[in-house]
Amino acid sequence: MEYNFREIEQKWRKFWAENQTYKVEEDPNKPKYYVLDMFPYPSGAGLHVGHPLGYIASDIYARYKRLEGFNVLHPMGYDSFGLPAEQYAIQTGQHPAITTEQNIARYRDQLDKMGFSFDWSREVRTSSPDYYKWTQWIFKLLFNAYYDTVSHKTTAIDQLIAHFEQHGSANCPAFTEEEFSFTAENWNAFSKKEKEQELQKFRLAYLADSWVNWCPAMGTVLANDEVVNGLSVRGGHPVEQKLMRQWSMRIKAYAERLLQGLDVIDWTDALKEQQRNWIGKSQGASVSFPLWNGIEGEDVTPLDLPSMGENSKSIEVFTTRPDTIFGVTFLVLAPEHEWVAQLTTEAQKEEIESYQKSASLKTERDRQSDVKNISGVFTGSYAIHPFTGEKVEIWIGDYVLAGYGTGAVMAVPCGDQRDFDFARHFNKEIRNIFKDTDISNEAYTEKDAIIANSDFLNGLPAKEAIKRAIEEIEKRGLGSGKTNYRLRDAVFSRQRYWGEPFPVYYENELPTLVEDEHLPIQLPEVDKYLPTEDGEPPLARSKKEDWNFTRGDRMEYNTMPGWAGSSWYFLRYLDPKNDQEFVAKDKVDYWGNVDLYIGGSEHATGHLLYARFWTKALYDLGYIPFEEPFQKLINQGMILGRSSFVYRIQQSNEFVTFNKKNDYNVTPIHVDISLVDNNKLDLEGFKNWMPEYASATFILEEDGSYTCGYEVEKMSKSKFNVQTPDELVEKFGADTLRMYEMFLGPLEQSKPWDTKGITGVNGFLRKFWRLFHPIENQFTLADGPGNEKEMRTLHRTIKRIREDLDRYSFNTCISTFMIAVNELTELKCNKREVLQPLIVLIAPFAPHMADELWEKAGGKPGEVHTSTYPQFNESYLVESSIDYPVSFNGKMRFKVNLSAQLSAKEVEEHVMNMEETQKWLEGKAPKKVIIVPGKIVNIVL
RNA sequence: GCGGAUGUGGUGAAAUUGGUAGACACGCUAGACUUAGGAUCUAGUGCCGAGAGGUAUGCGGGUUCGAGUCCCUCCAUCCGCACCA
């Protein structure tokens, strides 16, 4: 029989499903191993060839571990809340649940076709009420908790309340960045609302004002990705920065633990470095600069604060270089700094306000990428240098960010390049406080200079000066040494429909939790999935009777962000059907954390940080026995796609062809690759593609065609460059596609998608099949022992595959199999002793074929997946002779086959007596002869 | 600007601790078999050279008997980003 993959694969898929081959239960007699994939968002485009890359690798590894005797948990599910389904709902009116259901069905079908060994009885979906009930429950847990800075633990808020009742805010053990001060008497006299206002400063889930990209025309908030040059990607409407009341998560409290935890997990240094960079620990000092009271000629000294009267405020700055404080020549505030309005003098008002307005039109991303344009405005006010008593100007500039540090910096042009550029641009003084440095062209930013012109810091090296400066700052009550993290609290509200509702209602604008017995709060029906006319979230459209629970004046209308459900899903797989707990204690105790986690590096700082945060909180509160969710993590490289672009003339619905786009001000827009053939756009197809393009007009090439641009970039639904695996499974079979994706290159490396090489892998599998069907496609296995060469091939293969799997080098496994099959074909080997172990060996890679061959060889169906991994025997690998390469000055000249038994001395004697050697010696005597037994001979002339 | 990664044939890549650079494939060339073939088989294939040989892992240095691998300088490309004071 020819290798009929269609028949074989269908047969075994059916068998596995009917026999629940991959279902697992807790088994105390076996060691556990948890292999997890980052679960997919079920997009309308279906799985693309990049998804399975990681799934195939994890599946091979899970199957390998199973054969090694582990009880392997290998589940799959769907991150099924998300924007695309909602956008589709807005366009078509179809409920996102229906869209999602359809997409999941499609995904499931695609996943099944790839032959994965998932235990589908454990499937989770974040959008299922059974699941999000527990997401809501965890939210409640975090709302009812604070971070205790004494015990360094997540702690129930009741303990903090008890503290306030007894001691007021004195010695408050809770982490916060807010200001607070009250006595026990104050606290006990507070109204419920006042108490809540204080508690919000400590709860891990809390309400606060956050900056968002607000698009007034669409009445909605946009992600940074959805904004380009201050305009929305969809529709090209202006977008501005706006403060909105939002739920946030106090992840900052965990900054230090998130940093420390990296030391105990097995992630790549690159990934750890990215997280460290994101957490961004920096040490320095906060320093207060008193404000000048505005009376010219009056000598205000910094220690005379109280006498400054009503304006006795000071501006607090954070600096990592307190040693450079004598180099300060002005202060710069973020344009959004809360005091800007008060500090602005009448004369500067107009300019400041227009600058604030223009800054509000820039996203943070725009602000950071624009380093060339230096901008800022003088407020008209001054602060007093706390050490010199000098007046320094207070400016605003958009290079200072409101969200980092205190939103204000002390500008030291000689020591910071941005301050230097700012000073240059506005002709401010650049005072050199570093001994023997040249700062005529750029700032001196190294921390190795000797400080000068700096009073008590003179003569100190920078590192010591930092300590000395902090001492002095603290002594004079100007501030203190401080560790700052750039990590920001995570905004947890979305003004969307398709997400988890909050278990929260409002009474008198007081947020109150819904009791557990009413969970889940289900998503109510709405007439449209858009924000309301006055910009409220879609849930505000709901009627009271559309909710399964209501209380108070109104329910919370925001929904949770995508990362809510994905921050704990790996726990739900352990106990997916439990309706009493999010996970039972005995189950989480057995399975523990994820041993191997595979997914894309785009989650390096988002999902992976949030999941670690929630895990730590759940650990502290005693629900789970581990603090780090993912022990070993591999980022699979991206499979890159080829995207196509059309070019929209800004503020219009007119599209210009690639070769004429430079004559216009255009925005490139991704267009679906199915509408593009050989870079030519299908114009009618494009108009029918999305309603907003129905009335599109075009500026075409001379020949009347529209040429698209292209780029090789990440394959993603939003880039419309998705290639699905279905076609390839159909043509070559899942086993071939599995092995081909592994063969492409190292798992972690990104590579452009290309199907050219797949025939090679398909040919290999057929050749493998032919080993078992040597004559007229009849299955045969010969008895009798394998000969020396055959056994050496087998055992070398066993050894290499195992070693390669242990280092996750899947691509070289495939090569090793190819070499084995080439050798055995050459040897015309058909012996059971040699070939049967190979079936087990290849089972993790090509499970369908393995099952078929195993059955033919007399095994029980499905048994090959629970069999034992072949052991290799070193004795078969011993070679009797070695091909020694003989090098002269490191250059290989010829080889000589010598017995492996020879000692280094004997090898040297033999080689030196050879004619070939004499030829290359050219009559000279060698200076040195290096023999590495079993490896090489190098003769130095 | 900051952070991370990567540079090896026409292409994807291999070389686990410094020890024969280019395994294994794709592609290409020539041939065999074929009505046909994205089938199969044989031979060849880094570059220069008729050959002997020379040369070659982004560039330039260094360490070493020996460097793709270790160190330094530079260059290019890709990814991420919150100008992080």
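You're looking at a predicted model, where local features need pLDDT of at least 70, side-chain atom pairs count only at pLDDT 80 or more, and totals for chains, interfaces and linings use all residues. Residues are numbered from 1 along each chain as its sequence is written, chains are lettered from A and ligands numbered from 1 in the order written, and side-chain values use heavy atoms, leaving out hydrogens and water.

**The whole chain**

- Chain A has 29 helices and 34 strands, counted as DSSP runs from the N terminus (H or I, at least four residues, for helices; E, at least two, for strands).
- Taken along the principal axes, the box filled by the C-alpha atoms of chain A is roughly 105 × 85 × 75 Å.
- Of the 941 residues in chain A, 55% are buried.
- Among contacts in chain A with a separation of 6 or more, 72% link residues 24 or more positions apart.
- Chain A exposes about 42,000 Å², with carbon and sulfur atoms supplying 47% of it; the area is Shrake-Rupley, with a 1.4 Å probe.

- Helix 6 spans residues 157-167, and its buried residues are Ile-157, Leu-160, Ile-161, His-163 and Phe-164.
- These five sit on the same side of helix 6 because they cover an arc of only 155 degrees around the axis, going by the directions from the axis to the C-beta atoms.

**Helix 26, mostly covered**

- Helix 26 runs over residues 832-842, and nine of its 11 residues are buried.
- Those buried residues include Val-834, Leu-835 and Gln-836 at one end of the list, and Val-840, Leu-841 and Ile-842 at the other.
- The packing partners for the buried residues of helix 26 are helix 2 (50-67), helix 22 (734-743), helix 23 (758-772), helix 24 (788-806), helix 25 (810-826) and helix 27 (847-856).

**One cavity**

- A search of the whole structure turns up one cavity of 30 Å³ or more, a cavity being a set of points on a 1 Å grid where a 1.4 Å probe fits but cannot get out.
- The largest cavity holds about 30 Å³ of space.
- Its lining is made up of Arg-63, Leu-67, Ala-843, Pro-844, Val-864 and His-865.
- By class, that lining has four nonpolar, one polar and one charged residues.

- Most residues other than glycine have a negative phi, and most peptide bonds are trans.
- Glu-509 is not a glycine, yet its phi is positive, about 65 degrees.
- Glu-509 lies in the loop between strand 18 (504-507) and strand 19, and at 48% relative accessibility it counts as partly exposed.
- Gln-651 isn't a glycine either, and has a positive phi of about 60 degrees.
- The loop between strand 23 (639-649) and strand 24 (654-656) holds Gln-651, which counts as exposed at 65% relative accessibility.
- The peptide bond from Leu-519 to Pro-520 is cis, with omega near -5 degrees.
- Pro-520 sits in the loop between strand 19 (510-513) and strand 20 (554-555).

Note on methods: On a 1 Å grid over the protein atoms alone, a cavity is a set of points where a 1.4 Å probe fits but cannot get out, and a pocket is an open set with protein on both sides within 12 Å along at least five of seven lines; lining residues have an atom within 4 Å of a point. Grid points are joined across faces, edges and corners, and a volume is the space filled by probe spheres set on the points. Ala, Val, Leu, Ile, Met, Phe, Trp, Tyr, Cys and Pro count as nonpolar, Asp, Glu, Lys and Arg as charged, and the others, Gly among them, as polar. Buried means under 20% relative accessible area, exposed over 50%, partly exposed in between (1.4 Å probe, protein chains only). Contact means heavy atoms within 4.5 Å.
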